[in-house]
Amino acid sequence: MQQPTTRAAGPPGAVRGWLDALAVVLAGLVAMAVVAVLGLWLAGADDLPDGGFPAVLAATLALAVGGTVRLDGGAGDFAAVGAGISAMPLSVSVAGAVAMAEVFLRQLRLRAVAGGGELLGRIGRTVLLWLVALVLLTLGARHSFVVALGDDLAQSLSGALGLTPEVGFHADGPTTVGIGLAWLLLVFAVTFAVSRRAPLPRALVRHQLAVRPPAFALWLVLLAYLAIDAVAGVLTAIVHGNARQTLALLLLALPDLVWLAFGLGLGAEWHGRLVGGLGLPVPEPLSAVLRTSDGGQATISLGTLAEQDARSWWLLPPAAVLLLAAAFLAARRAPRTVRLWQHAVRFALATAVTVLLVGLWTRVDADYGLSVLGVGLGRGGLGDLLGAVLGGNNPLAGLGGGGLTLRPVLWTAVPLAAGWGLLTGALGALLATRVRHRGEVADRAEHPNVRQDGP
């Protein structure tokens with residue numbers, strides 16, 4: 001009897017690997033596109049002239065993976081327009097990351113342990129296809145249109161003087177591709193750190209007990225912030241009106257605000273300034289603090305927010321309670337043999353990394369300017385520029401204003417987060433000593449030594 005050869009099995013396996021990678025990439029792009037389309041439509045980006053919505057959608061996806069969108073153009077020989085946006089619409093980012101992680105893990109659902117070569121092969125194929133997708137995004141995120149400067153008389157005068165600006169925006173290729181690749185690698189890293197379903201190579205299995213319980217617990221904290229504030233946002237939209245803008249904010253930038261609130265609740269600070277309007281509703285205390293910069297950088301903290309509204313102090317209790325609950329959950333998911341100080345140190349490191357990532361994700365740097373004969377007529381521009389890229393219909397409405405910068409003070413935020421993690425990690429581990437840990441049998445008197453050493 002002729003033995004079957006293995007040569008014919010090679011190509012189908014290779015094709016299957018590429019199809020799996022393509023499914024991961026498409027899942028992320030589709031999830032991001034759906035959320036972005038709904039958010040942009042609610043924000044009014046469908047009114048952009050000259051069929052600019054597809055380009056705006058591509059620009060939004062580029063921003064969602066950490067890219068930069070630049071605005072350029074001019075008004076004849078008299079004026080020039082320049083701008084840049086570096087701000088992640090995190091609702092879009094999270095949707096894409098969760099979809100990609102879910103599809104990637106589903107392809108490995110029957111594995112308890114995976115070889116390092118296989119995992120690297122899967123990740124490598126996904127990275128290559130993602131690189132192609134990023135290049136296509138940068139090519140698609142490109143559009144130009146003429147901006148109206150006022151009524152018919154103003155239009156006529158500006159036309160006679162050659163001051164009617166023609167504005168174009170495009171995604172910066174190197175930034176979008178480079179940071180977009182780093183974004184994907186971070187998605188994979190978080191997936192393997194958080195999920196118990198992610199199979200690891202045998203050499204790394206012994207390390208999962210130190211990483212996965214605190215990582216999973218802190219991921220739940222971030223999700224809890226999203227869920228609570230999403231419900232609050234929907235209720236606000238129903239009760240107080242302005243539903244389209246409120247829902248647009250939820251679909252585009254909810255994590256930008258609520259994860260900022262988490263960091264502020266732990267005592268972290270951001271520096272920033274706001275000139276002009278944002279175009280989307282934000283908490284009034286935050287807007288008021290940013291507007292007090294007087295051309296410099298304002299400090300956003302619990303104290304400065306409470307000066308505008310004393311209710312801002314309520315950002316502290318939920319941060320402390322949720323962090324303690326996460327520490328308890330992490331300790332419960334770990335074996336009882338792990339010592340209290342080990343829980344505290346591991347949870348401190350995980351909290352510090354989480355706040356570091358939140359700080360980097362919530363960083364905003366956006367501005368535009370119009371100069372006439374070399375004389376500047378204003379810098380700034382997230383609000384009006386987001387009119388072109390994240391949801392309005394007049395990207396240069398009010399040329400003299402509009403702008404937002406928001407930068408975390410990481411050198412104080414990360415140590416503060418580590419201190420919080422150390423304290424809550426120790427308390428959570430102490431509370432967990434009185435409950436049965438995951439994997440332990442119910443009757444410990446009958447089976448005193450039987451437990452499953454896994455999170």
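Reader: Which residues touch the most other members of the largest nonpolar core?

Author: A nonpolar core is a set of buried Ala, Val, Leu, Ile, Met, Phe, Trp, Tyr and Cys residues joined through side-chain atoms within 4.5 Å. Buried means under 20% relative accessible area, exposed over 50%, and partly exposed in between (1.4 Å probe, protein chains only). In this structure the largest such core has 95 residues, and Trp130, Trp183, Trp259, Phe262 and Ile300 touch the most other members. Helix 9 (residues 243-265) gives the most to this core, with 10 residues; helices (H or I, at least four residues) and strands (E, at least two) are DSSP runs, numbered from the N terminus.

This is a predicted model, in which local features need pLDDT of at least 70 and side-chain atom pairs count only at pLDDT 80 or more, while totals for chains, interfaces and linings use all residues. Residues are numbered from 1 along each chain as its sequence is written, and side-chain values use heavy atoms, with hydrogens and water left out.

Reader: What does Trp130 touch?

Author: Contact means heavy atoms within 4.5 Å. Not counting residues up to four places away in sequence, Trp130 touches Val25, Leu29, Met32, Val65, Met100, Gly180, Leu181, Trp183 and Leu184.

Reader: Is Thr405 buried or exposed?

Author: Thr405 counts as buried because its relative accessible area is 7%. This residue belongs to strand 9 (residues 403-408).

Reader: Why does Leu38 count as partly exposed?

Author: Leu38 counts as partly exposed because its relative accessibility is 41%. Its place is in helix 1 (residues 10-43).
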